[in-house]
Amino acid sequence: MSDEEDEDEDLELHHHHHHSSNDMIMGFGLPTESERTLMERVRQELKIELKQGFKSRIEDVREEILRKRRAGKLPSDTTSVLKNWWQQHSKWPYPTEDDKAKLVEETGLQLKQINNWFINQRKRNWHVASQSVTSLKSKRKR
């Protein structure tokens, strides 16, 4: 049997005069005209819902990608300055206002960008945080 004949047979199933098992409703014979209309309407509605669902998911993902791309990364020559400071102060990576002012000079970034870089860097890379915070707190108490 060739592929073309195969396709013809598939099309057959969708012609209403040919009753596929799909049309037999739980052994109650053929669906009435109104049942058939209802089934068709449900099928159309589901198709639309599915399409809309996928479309909005795809739009969400696209939006997210564009947002990240807009946000972008800081140039590596500026981040290397920040990383140097970070490595030298890894025990307690909280720059003072003076430290930040120097970093603004050196990097050409805004204060806000520097603050955000340190916030993100501590969240992502400061794994000893909990221990060092507690040990520092207990030192202060004594």
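Figure 1. Gln121 is buried because its relative accessible area is 12%, where buried means under 20% relative accessible area, exposed over 50%, and partly exposed in between (1.4 Å probe, protein chains only). This is a predicted model, in which local features need pLDDT of at least 70 and side-chain atom pairs count only at pLDDT 80 or more, whereas totals for chains, interfaces and linings use all residues. Residues are numbered from 1 along each chain as its sequence is written, and side-chain values use heavy atoms, with hydrogens and water left out. Gln121 belongs to helix H5, residues 111-125; helices (H or I, at least four residues) and strands (E, at least two) are DSSP runs, numbered from the N terminus. Leaving out residues up to four places away in sequence, Gln121 touches Trp86 and Trp126, contact being defined as heavy atoms within 4.5 Å.

Figure 2. Helix H5 has 15 residues and reaches 21 Å from its first C-alpha to its last, close to the 21 Å expected at 1.5 Å a residue; the expected span of a helix is 1.5 Å times one less than its number of residues. The buried residues of H5 are Ile114, Trp117, Phe118, Gln121 and Arg122. They cover an arc of only 125° around the axis, and therefore lie on the same side of H5; the arc is that of the directions from the helix axis to the C-beta atoms. The cover over these buried residues includes H3 and H4. Exposed residues Lys112, Lys123 and Arg124 are carried on the face of H5 turned away from its buried side.

Figure 3. Asp99, Lys100, Leu103 and Thr107 are buried in H4. Seen down the axis of H4, these buried residues fall within an arc of 95°, so they line one face of the helix. H3 and H5 are among the elements that cover them. Glu97, Asp98, Lys102 and Glu105, on the other side of H4, are exposed. Just after H4, Gly108 takes a positive phi of about 75°.

Figure 4. Lys100 is a residue of helix H4. Is this lysine buried or exposed? Lys100 counts as buried because its relative accessible area is 13%. Its contacts, leaving aside neighbours within four places in sequence, are Pro95, Leu111, Ile114 and Asn115.

**Figure 5. The largest nonpolar core.** Nine residues form the largest nonpolar core: Leu82, Trp85, Trp86, Leu103, Leu109, Ile114, Trp117, Phe118 and Trp126. A nonpolar core is a set of buried Ala, Val, Leu, Ile, Met, Phe, Trp, Tyr and Cys residues joined through side-chain atoms within 4.5 Å. H3 and H5 each supply at least two residues of this core. Leu109, a member of the core, touches Leu74, Thr78, Leu82, Val104 and Ile114, not counting residues up to four places away in sequence.

Figure 6. The structure holds six aromatic pairs. Rings of Phe, Tyr and Trp (its six-membered ring) pair if their centres lie within 6.5 Å; planes under 30 degrees apart count as stacked, over 60 as edge-to-face and the rest as tilted. The rings of Trp92 and Tyr94 form a tilted pair, because their centres are 4.7 Å apart and their planes stand at 35°. Trp92 is partly exposed at 35% relative accessibility, and Tyr94 is partly exposed with a relative accessible area of 37%. The pair of Trp117 and Phe118 is edge-to-face, because the ring centres are 5.0 Å apart and the planes are at 85°. Trp117 is buried with a relative accessible area of 11%, and Phe118 is buried with one of 2%. Ring pairs also link Trp85, Trp86, Trp117 and Phe118 into a cluster. The charged end of Arg122 sits over the ring of Tyr94, 3.9 Å from its centre; a charge sits over a ring if NZ of Lys or CZ of Arg is within 6 Å of the ring centre and within 35 degrees of the ring normal.

**Figure 7. Ser90 and Trp126.** Ser90 lies in the loop between helix H3 (76-88) and helix H4 (97-107). At 37% relative accessibility, Ser90 is partly exposed. Ser90 and Trp126 are 36 residues apart along the chain, and their C-alpha atoms are separated by 8.0 Å.
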